[in-house]
Amino acid sequence: MSPARKKKTNTEDYMRMYRQMVRIRTFEDNANQLYLSAKMPGLTHMYSGEEAVAVGICDALKTTDKITSTHRGHGHCVAKGAEFKQMFCELLGKEEGYCRGKGGSMHIADQSHGNLGANAIVGGSMGIATGAALSARMLGSDDVTVCFFGDGATAQGLMYEVMNMAALWKLPVIYVCENNGYSEYTATAEIAAGSITARAEAFGIEAHQIDGQDVLGVNALTQKLVERCRKGEGPFFMELMTYRYHGHHVGDINREYYRSKQEERDWKENRDPIIRFRSWLVAEGIATEDEIEAMNAEIKKDAAEAVEYALSAKYPVPSEVDMHVFADVAHVLA
Amino acid sequence: MREITLSQAVNEALAEEMRRDETVFIIGEDVAEAGTPFKVLSGLVEEFGTQRVIDTPISEPGFMGLAVGAAMTGTRPVVDLMFGDFLFLVMDQLCNQAAKIHYMSGGKLNVPLVVRTNLGATRRSAAQHSQSLHALVAHIPGLKVALPSSAYEAKGLMKTAIRDNNPVVIFEDKLMYNDKAPVPEEEYLIPLGEANVLREGSDITLIGTSSMVQVCQKAAGLLAHERISAEVIDPRTIVPLDEAALLKSAKKTSRVIVVDEGHQSFGITGEIASRINEKAFYHLDGPVLRMGAMDVPVPFSPALEDLTVPTPEGVAEKARKLVAGEMIHAA
Amino acid sequence: MPHEVIMPALGMAQDSGLIVAWHKNQGDAVSMGDTLFEVETDKATMEVEAQASGFLNRVSRQAGDDVPVGEVIAVIGDSAEAAPPEQTPKEMPKEMPENIDPAAPEMPKGAEVIMPALGMAQDSGVIVAWHKSPGDAAASSDVLFEVETDKSTVEVEAGHDGYVAALLAEPGDEVPVGDVIAVISATKPETPVQLSRQSQGPSASRSAETPAAAPAPSSEPAASPQVAKPAAMATGDRILVSPKARRLALEQGLDLKGLIEAGIPQPFHVADLEMLRSLPAKTATGPSGTQNVLARVSVTGFSDFFDRFDGQIPTPGAVWAAFAAASLRSAGSRSDIVVRLDTPLLGSSAFFVDPDLVPLSRIAPCEADAPQIVLRDLTASRITGLTLVADDAPVLTVSRDGTDYVLSLDFTEAQLAANAAIRLVEGVAARLGEPLRHLL
């Protein structure tokens, strides 16, 4: 492959990753506004600041590779290929949402892109992810499963049970710990004794700790691990050091009692994954500021249109309430 | 017709389904070489290998979660939960995840999962290995619950459950594994939601589940000596429940006793009695009575344990009073 | 396009927020990210940032206002606008404390200082001391007053730059959270105000706005349906019987009271109905053996007749008395037939003696007693028919049902033989239907 062609291919990858990160940030900004303007029911949890994690990883996966997500799941959902319109519809409980409005932010799933769903139970998806890896092996496919979870979930017993089994059976699953420093309102150091990567290593699982704000670094490592997983060398564990800009959930607004404004400012100004990648793209001559501005503006417009659409989209009809309790049963209460 | 034990019936059902569909697999503790402590699965690992009869560490939440994930992504796991009492350990994966995923995803994700577990006391296994907890899972929308009462039901219901695209929890009575019953050689399925009338009668209806079906049958025999004609019905599945059959019988005899091995309070008997009350009220010549296990943790001592479950004599006694029109409860 | 500044949603259970202070004023330039105002939530005070750059205009809510989530409270536009017109009282009901007392000084204009929320369970605070006097200059970070909470004494800052224009509570006053306790004006006041809470009258407080508002005065106790308590024992009017037995008894016309009389213990079941069926057959009588004959006849016959001879004949009741007497007589009664006419709705009774033996126009009530028959006139009522206990004499009740008269004769065997009763009712009915026959 000629260097020029290789560069162009890489350019596509880079631009795609940049674009996805901006899409996530834009989505979250809009979702935040929807909540603050009291147009979105229920609660949601912002991914802003962690974009490089979801994008760096998901960009290394095929559509048929699976992911499981968390309550902070919009980023994973977008990164795995979801569209704004159906996502906003789901957040607003509308019929055209990915789950027909029946899951909402905390259970959003996009089966067509391999997203097995966000989970409102902390650590609740770990078993599901490991099981997806088991069935991939059983069905003879080389699909890999990525299990996203936060540093807080390392306190859940389920994690150790499934890592143990994944290691025993060498399942093609990558456990991804998004360590954003806080478990709800408590600093990670206060809820996780010892080392997080050592937990995986105790099961003989190869573990890596990397900077979660460096999308290229994340992507490069993920590509390697995914490749090895497909060959049966899994499972693997990644701990990504990252930061969430917003509170644990929207409405968690007065955060100073658990983290300082200075710390927040530092991450936002000096360690933002999007700003960082943008600088790099411009410095490398891969994109100009104008091109990037144009892309940003286009994404913003897309999002605004999707929000408008979702706001006026229809709700599911009342008769839907007892549908989908059981497969093959149209209405369970008929 | 040949007679086989309940244990053999379950074994056959699993083997047949695993032959028919290579995505079906078994996962649980001591399922492979050991064939489970009750030896129900003996021989399966020899035929299907350790990739499809998977021994796990003692990690109930873990392997239940794995099974949910596997079911969501193209395979059909049968989870072996060694004792029904361990349901408490797996409630999040079973009730928060498996039961709700189809609904929360708007119908886009399926969980074709079977959980095979047991119930039943009087084995001197004490409080944490003797519970009958089917009411807990029956209460959760999205889970189907089957209670085979003999080898015949065990095979037919297991095959249907494996082919069902929803999570189904099957409770076998651990006291019945060696009980024989006629089981056809040819393949057959028992649909979920279809009750079975074992014995027709005209004076009183006895509705029993699982091993309580036999208790009711024996009680009916005792009552027959006193010229009381009892009808015995086995709902076979609690979710879905064959209400129509139960109501039909209630209207025919106008007297009903529901017998179940779950605790008497806040359980299956209350639900069935309530539905009969609602929908057959004007046909009742007496209150619908309930008999469940005593509302106490299961005691170890044989002198005490046997007091806590319904017996044929106990059922017959209650039936006698109901037929005689005695005031069961004070006005 | 001006960007709307709204009161944001803040927490799971919160549907309004109290503006503690504005950090920018009407007409100020603002950049995206600048703190615009502070809002108090259940838990803490939060700074709300501007989401756009421009100039802050149309500020419609002030510090101290409790604003519903989602309401637009200002706008960020491209250029500074003049201050919005004076708010009508309807828009800003909470702005000025209503001062009933005409002698009270006029409240100075300025930023309001309120009693802050101090703790989760606290809804008022006691002012311990003021650190400033009316007329003093105050910087926003100066301590303005001390307030006592459950736990300790807390110093509260002024929160605004300016001059203390009014102090509206005195040390020792207990002030509900959210009430205005001071006003800080931008310029030095000429006549600073110092009041105590008492002097401001009851409407000084803003109790209407706080969530702990007094419940609506028209709080009636929840109307509980007047359900008669079922009798505890199987005595009295309730019969204990299974639903099926009750239904079958009804369908088969069996009276469960027969079982009670036969001494069968309750509760009754279907099997007991067999017993009921085998009890000696009684004619279906009422509690004291009253029997009943019922007849209907169209009113047109009588009303035509009555209209035709209007003025020449007395009241209908009198005529019916005659009909009744005539019928009795043709059934075999001797003379001196006394008829008593009861009109229960008017509370009146009249006696007629042998009314059938005089021309209609001459029927008149007179003194008598011991009637052979009682006529009960219910035609003016809405009662369409009834069966009651017989009196000392048979009672013939005349009532209206649509276009028919309904005649109901209640009698006992002792008073009238069944055949006589039948003939009596038939006779009256026939005369009612064709009154001219009576005359002939």
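pLDDT is the predictor's confidence in each residue, on a scale from 0 to 100. The model is a predicted one, where local features need pLDDT of at least 70 and side-chain atom pairs count only at pLDDT 80 or more, while totals for chains, interfaces and linings use all residues. Residues are numbered from 1 along each chain as its sequence is written, with chains lettered from A and ligands numbered from 1 in the order in which they are written.

Confidence first. The complex gets an ipTM of 0.91 and a pTM of 0.69 from the predictor. Chain C averages a pLDDT of 77, and 79% of its residues score at least 70. Over residues 87-103 of chain C, though, the pLDDT is below 50, and this stretch has 19 contacts in the model beyond near neighbours in sequence; two residues are in contact if their C-beta atoms, placed from the backbone, lie within 7 Å. Residues 202-235 of chain C also stay under 50, with 26 contacts beyond four places in sequence. Where pLDDT is low, the predicted coordinates should not be read in detail.

Now to the helices, which are DSSP runs (H or I, at least four residues) numbered from the N terminus. In chain B, the axes of α1 (residues 6-20) and α6 (residues 151-163) come within 8 Å and cross at roughly 25 degrees; axes are lines fitted to C-alpha atoms over the stretch in contact, and angles run from 0 to 180 degrees between N-to-C directions. That makes α1(B) and α6(B) roughly parallel (angles under 35 degrees; 65 to 115 is roughly perpendicular, over 145 roughly antiparallel and the rest oblique). Their contact involves, among others, Leu6(B), Ala9(B) and Val10(B) of α1(B) and Ala151(B), Ala154(B) and Met158(B) of α6(B). By class, the contact has nine nonpolar, no polar and five charged residues (Ala, Val, Leu, Ile, Met, Phe, Trp, Tyr, Cys and Pro count as nonpolar, Asp, Glu, Lys and Arg as charged, and the others, Gly among them, as polar).

Chain C meets chain B through 13 residues of chain C and ten of chain B. On the chain C side, α1 (243-252) and α3 (270-278) each supply at least two residues, and α1(C) gives the most, with four.
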